[in-house]
Amino acid sequence: MSVDKLAYYPGCPSEATAIEQHMSTEAVFEKLGVELVEVEDWNCCGAAEVEDPRVVYALNARNLAIAEKEDLDIVTPCSICYYNLERSNRALKADEALRTKLKGIDSSLDYNGTIKTKHVLDVFVNDIGLDEISSKLEKKVNVKVAPYYGCYIGRPPETAFDDPDNPVLMDKLIELIGGEIVPNFNYMKTVCCGGPLMMTRGDIAFDMARKILDVAKNAGADCISLACPLCGMMLDGKQADIEKALDVTIGMPVVYITQLLGLALGIEPNKLGLNKNAVDTKEILGKVV
Amino acid sequence: MPIKTWELDPNFKNEIMSEAGGERLASCFQCSTCTLGCPITEFVPGYNPRKIIQMSLLGMREEVLSNPDLWVCLICQTCTARCPQDVRIADVLGALRRIAEREEEAGNLKIDSPRPLFDKAFQHQLKKFGRLYDMGLAMEYYPKKEGSFIKGMLAMMKDYKDFGMRMFLKGKMGPLGGGSPVKGMLASKIKQKDVMKKIFEELGEEGKEK
Amino acid sequence: MGIAIIGGGVAGITAALDLADSGYKVHLIEKNAELGGKMGELAECQMGLSPYIAKVENHPNIDLMLSSELERLSGTAGDFKLSVSGNEIGVESVVLAPGYDIPEVAKSYGFGSPDVVVSLDFEGILKAATVSETGELVRPSDGKRVKRLGFIKCVGSRCQENEICSTACCAYTAKEAWEVKERYPDVEIYIFYMDIRVFGKDEELVAELKDKYGVKYIRSRVPEVIPEGGALTVKFENLEKGTIEKLELDMVVLAVGLLPSKTMGKLAEITGVKTDTYGYIETSLTSPLETSVPGILACGTATAPMKVRESVAQASGAALKAAGLSQRTEPIPGQEEHKFIEVGDELKTGVFICGCEGEVANTVDIPAVAERINELKDVAYVNSETSTLKEAMDAIESGIVDQRLNRIVFAGQSPRECEDMVRDACAGAGLNPYLLEMVNLREQCAWVQDPKDATEAAVDMLKMAAERAKYLEEIPVERYPVIPKALVIGGGISGMNAALGIADAGYEVHLVEKGAELGGGLKKTTELQGPGGEQAADVLKELVDKVTANERINVHTKVKEEEIVGRAGSFKAKIVAEGSAEDAEIEFGACVIATGARRDFVPEGYFGYGKEKNVTTVSEFGKMLAGKLDANTIALIQDVPGEGVTARYSSIEVVDSALKAKEKNPDANVFVLYQDIKTYGKWEVLYKDAREKGVIFLRYDKEKPPKYEDGIVSVYDVIFNDEIQIKPDLVVLSTPTMPAEENERLSKMFMIPLKKGFFMEKPERPKMVLTPVDTVNEGVFICGSAVYPAMIDECLAMSSAAASRACVLLAKDFLETPAMTSVVDEEICAGCGVCEAICPVEAIELTEEPVPVVTFGVTTVVGGTKKVAKTGDGCIGCGSCASYCPSGAMSLRNFRDRQVYAQLDFAV
Ligand SMILES: Cc1cc2nc3c(=O)[nH]c(=O)nc-3n(C[C@H](O)[C@H](O)[C@H](O)COP(=O)(O)OP(=O)(O)OC[C@H]3O[C@@H](n4cnc5c(N)ncnc54)[C@H](O)[C@@H]3O)c2cc1C
Ligand code: SF4
Ligand code: SF4
Ligand code: SF4
Ligand code: SF4
């Protein structure tokens, strides 16, 4: 194992809608023996709503600088945060003039470009490694999973860390913990959940999320697994609203990959926030042996 | 009506290409890859990033900037990831949106979408608190979207009634939820809020206007 | 010493044979255990290539090094030391032909579905379908019949990972679609494309696919294939309706592009040759075969993506250049004077049955067959011990010498692969080579018969052959000396380059040019295309100087050649000077036709050309670009109709001019109106540059061409689906290219067919593809724009190839008169008509023949008719039909064989 300590960037949803992702991430890393040091006084990464790249770079420079002071690489469980952190990191590393300019705006933006940014999935599979994780597994999570990756894991190419069309990192973890990947879901793995349009074109967002839920259901999944809180809000948080608005019943449990992994590591469900997912997760708990 | 190129703005493509994200516009060879992979096309008939690009290249400035389709892009990056010519369509559309917002601010254009209002409210919250404050964002956005405070509150209630309660019950929002008793109800503020202000003032649209 | 060739694909094989046939020692190094490269995997091509492979395997001058790789190279031109899988060899020059590999494809194409296949695998599936029990084309996933088939083009080409166009895939996709349609007419075919980059006969094939076969060409670069509910779904843009449509398909073929061979990096490191940005061996427009290291030549898909034809032309050209650096050390096979034994009246037939490395022996019980044949009255000797062609030929030789056999029956692989070699073996041992009878035991028995019937079938075939052998008669073999001189017709860049090539190889050349000076079409060009910015005049001057300074080249200007008589190796012609009563007679052994093409089509009346002052042509525009350009809005119109064909350079020239205009005047609005942008290969980056510099491209349909009226160009852009109007200061027309006027006359004189006035071939078939500069008239070669108007790198490669082929012939001291013509085995003939289409002199006709069903004594009950091919008197024995007939019903025989066949047919 090549990591034992990382700076942790939880992202805004960690405090509210995706609190269970935050809880399970912390619990899993603890169990795996990797210390997470929360980036002190971290600020929002800009999400998708700040469109001007220069503002995004500045916002993230601050978070990067804080982690850099501790000399730690940053890990985040949120795909959008990862995208913003990583593209800022790249831009800042490559562009000295930009770094100087930001430093001029405020000394807290003084980042030297010495650390790496990572998504939790990447850390699990590529840094900690499947063998290491496997050695710590205590239970078998015998569920049929539709692994849903969303947008920013395989896209855009320069920040991606998995295949753009058929990513596999989550699949590997699921198979490792005894789960089964449902067939006929591959082509939905990276189709956008509609989240970015939730507030402005809720109708489209609902249709898009529903499609993912439907394909997972038709594929025979017990649950969908995720690696991004925005996807979580759409597929889990809004699922009941979707059912109501589109007059359908779905009832598809949606969990974060960290929650599934936590179960396999023998962590107690409530510590993983499994009581906080909007769609009930009891059936899944029943399949942990 | 035929398109008369001499009445168009041949400089429009250069304008886009000098905006961050728009640099690679001219490489496009109209192959349709972006459009055919775009998930929005299934829900918004006629949505066609390829066409927006050719219109931009031809210089159809007005038609492009007032096109409501600019505002339904998910920024999902599928088009960017697949574009054989590295046009970075998601970023190009972002550049177009920013030009359109500026034009609206200058009073030259009316944008037919609440999205700029939402983005602005988001940025405003961010500037104020340093983190996303769902409740504050909603309180700022809905009235603007609906045109009055009362209408806004009503619309917000409608959208949030069930969802809010669900989140509340799960302890994700509300007085006793989450890690702290007031999570989600009050803004979670960072200490160095002044830095946020500086960033937006120096680099954001406000900075540009200065 | 000799020459080392790296890569045993079609390019390496061609170079090896050209060199070995003219007496050079060749070391052919191939990393795989088999020769053939990628072409060996192509369904249709394999068949055409196998005779060449057999020839390489048995060539005395070729040292074949299979499963070998180059490890080290040191020394310089004229003295290289190579270490090849542990063996040390010394050579004077090296030819690199490591070929290509195909790219990985995005997972979005099928998300793992086995019904989405890359084209190279599809070739295999097609091949397998033909020989499968049902003969049906089925889906790999569930064996269901394919009813709807899609092709997606440009996969892995013209994209970020591989910027350039792969050149071959547009054409091979058309070919694959055609093959499917021919065999499975009810399969619906959809081809998704961006531009259709085909020329000449491929252009016709595409038109035929659309019009006759109902293949749908749809413009969309399809990015994903979704496996849903047992079918594959693709989405495409219906540009006319402005909608996105879904289509369900059973199977999808990805027309993948070509990438430099994976071994290229290592090879470049070892040899020191430079590679370009894309990883191909770096060559240039004006020296397409030379690498950055003197003495190391390159050819084929290792230099750029291209088709077999172009690869072969480059290979022959590279062989010539390599030969120029080497000494000839080996005898040329088949040149020895033979004294044939007296045959007399006594019949001594020897039968040789070869196991073909198990290919025959595993199916046919050879010892049993041998025993049965041994019992035949007239058979004096049977040998069934051999298992390779080489062993069989040795056995035949000793059989003739030791046993004094005077009729030989050889049963083994297809005669198309080995007949020439076995005849040479007979002749070498002193038996008249026409006393040989061939039996195709491998293709026509072992591969097609049920194992339980195969042995019996083999016995029957051999009995028949032994019977026929009785009727064989000696044919006197006449030898005549080769005149070691060449005639080159046309003093353009191709003609001059061919002349120099032949002269440098040591032969005298007559170069005739009808104009007053050398230079040809290139004289009218100013700056050459591409980043080099070379001036055409400089390139020409260098060549003209070399030609005039060369003592072996006699330049005749203002003359034309007449009254050509003779045959390969020994021609005679009159050359008549313009306005002079005297004419000179010249003799030569080989002739190269390089008459080029004309750009004289005047688009009078098109877009107001001739009336409006601001309407011009691309060539004129090229000259304007050399001066000051003050037009602010320029519309370049590609594919203006007219007389002639679309040159391979036509798009390149238009895009290049547009780019230059933009560079000259960055504020100008430059529009290109096109049907297909055909910037093939590395020229694709020119297209990209033009777009990035701001040139606007508008695509129009042939049916709705642009108009220029009242100062306004109106064009219906079919992608934009709207009419777009431009007010240009300048309209530039790109017009078709016309054939040289001379071609008509030369075609008659040399009996070489023309198509649209050019020496391009009929439908592309392996034999022709593999001999791109040869003609049906042996000893006469074609090259350059006379074949099809091409870029100068292609003209240079092709003219070097023509020179190489001419030199192979001139290197011989003697030639023998051929006495061959084709015969049809009516019983096997399937009536497919391929031979009819391919015969260059239209000597084959398809006729309806009655089919006998049952025979009672002397009465035959006729059960309907079937189509069969009939060879007429016009046959010139070129062998095209024999090498392509899919049923193996066509073969070349000496004239008397034909009578023998007739007699036998009569007798049966
Ligand atoms: C699906 C498909 C269909 C096609 N169909 C057609 C068609 O119908 N008509 C047509 O004209 N063209 C067609 N082409 C193109 C055609 O295949 C090529 O033009 C042709 O095969 C190129 O021959 P080559 O000898 O240059 O390369 P290759 O065939 O690739 O041969 C190169 C050889 O070199 C060997 N080699 C590589 N590196 C080394 C090394 N370091 N040392 C020793 N040996 C080495 C390789 O093993 C190989 O045997 C098609 C291509 C594809 C992909
Ligand atoms: S994918 Fe790229 S090149 Fe193709 S149409 Fe879209 S932007 Fe243009
Ligand atoms: S980023 Fe926007 S335009 Fe591109 S595929 Fe996603 S939704 Fe479509
Ligand atoms: S355009 Fe070029 S890369 Fe695309 S299919 Fe045709 S030949 Fe291949
Ligand atoms: S061998 Fe004779 S019949 Fe066959 S193609 Fe050649 S000329 Fe025609």
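1. In this predicted model, C299(C) has a relative accessibility of 1%, and the residue is therefore classed as buried, the limit for that class being under 20%. The closest cysteine sulfur to that of C299(C) belongs to C807(C), at 17 Å, which is too far for a bond. A disulfide is a covalent link between the sulfur atoms of two cysteines. Over all chains, the structure holds zero disulfides. Among the cysteines of the other chains, C31(B) also counts as buried, because its relative accessibility is 7%.

2. On confidence, chain A has an average pLDDT of 95, and 100% of its residues score at least 70. Within chain A, the highest mean, 98, is found in strand 5 (residues 144–147) of chain A. The lowest, 93, falls in helix 11 (residues 282–285) of chain A.

3. Chain C contains an open sheet of five strands with parallel pairing, in the order 26-25-24-30-41. Strand 26 (553–557) and strand 41 (780–782) of chain C are the edge strands; each has a single partner strand, so one side of each lacks a neighbour in the sheet. From one strand to the next, the twist averages 20°.

4. Within this sheet, strand 24 (residues 485–489) and strand 25 (residues 508–513) of chain C are joined by five bridges in the parallel sense. L487(C) is placed opposite H510(C), a residue of strand 25 of chain C. Helix 20 (residues 792–810) of chain C packs on the sheet, where this helix touches strand 24, strand 30 (590–593) and strand 41 of chain C. The direction of helix 20 makes an angle of about 165° with that of strand 41 of chain C.

5. The interface between chain A and chain B buries about 5,300 Å², with 61% of that area on carbon and sulfur atoms. Which three residues supply more than any other three of the area that chain A buries against chain B? They are E15(A), E51(A) and M199(A), with a share of 14%.

6. Between chain B and chain C, the buried area is about 3,100 Å², and carbon and sulfur atoms give 53% of it. On the side of chain B, W6(B), F29(B) and L36(B) supply 23% of the area buried against chain C, more than any other three residues. The contact draws 35 residues from chain B and 39 residues from chain C.

7. Two aspartates of chain C may be considered next. D115(C) is located in the loop between strand 8 (100–101) and strand 9 (116–118) of chain C. With a relative accessible area of 5%, D115(C) is buried, since the class requires a value under 20%. Leaving aside residues up to four places away in sequence, D115(C) touches R139(C), P140(C), S141(C), L232(C), D250(C), M251(C) and V252(C). The C-alpha atom of D115(C) is 45 Å from that of N87(C), and 28 residues separate the two along the chain.

8. D202(C) belongs to helix 5 (residues 201–211) of chain C. Is D202(C) buried or exposed? Its relative accessibility is 12%, and D202(C) therefore counts as buried. Beyond residues up to four places away in sequence, D202(C) is in contact with A171(C) and K307(C).

Key. Residues are numbered from 1 along each chain as its sequence is written. Chains are lettered from A and ligands numbered from 1 in the order in which they are written. This is a predicted model: local features need pLDDT of at least 70, side-chain atom pairs count only at pLDDT 80 or more; totals for chains, interfaces and linings use all residues. Side-chain values use heavy atoms; hydrogens and water are left out. Two strands pair if DSSP finds at least two bridges between them. Helices (H or I, at least four residues) and strands (E, at least two) are DSSP runs, numbered from the N terminus. Axes are lines fitted to C-alpha atoms, for helices over the stretch in contact, and angles run from 0 to 180 degrees between N-to-C directions. Contact means heavy atoms within 4.5 Å. pLDDT is the predictor's confidence in each residue, from 0 to 100. A disulfide is a pair of cysteine sulfur atoms within 2.5 Å. Buried means under 20% relative accessible area, exposed over 50%, partly exposed in between (1.4 Å probe, protein chains only). Buried area is the accessible area (1.4 Å probe) that two parts lose on being put together, summed over both.
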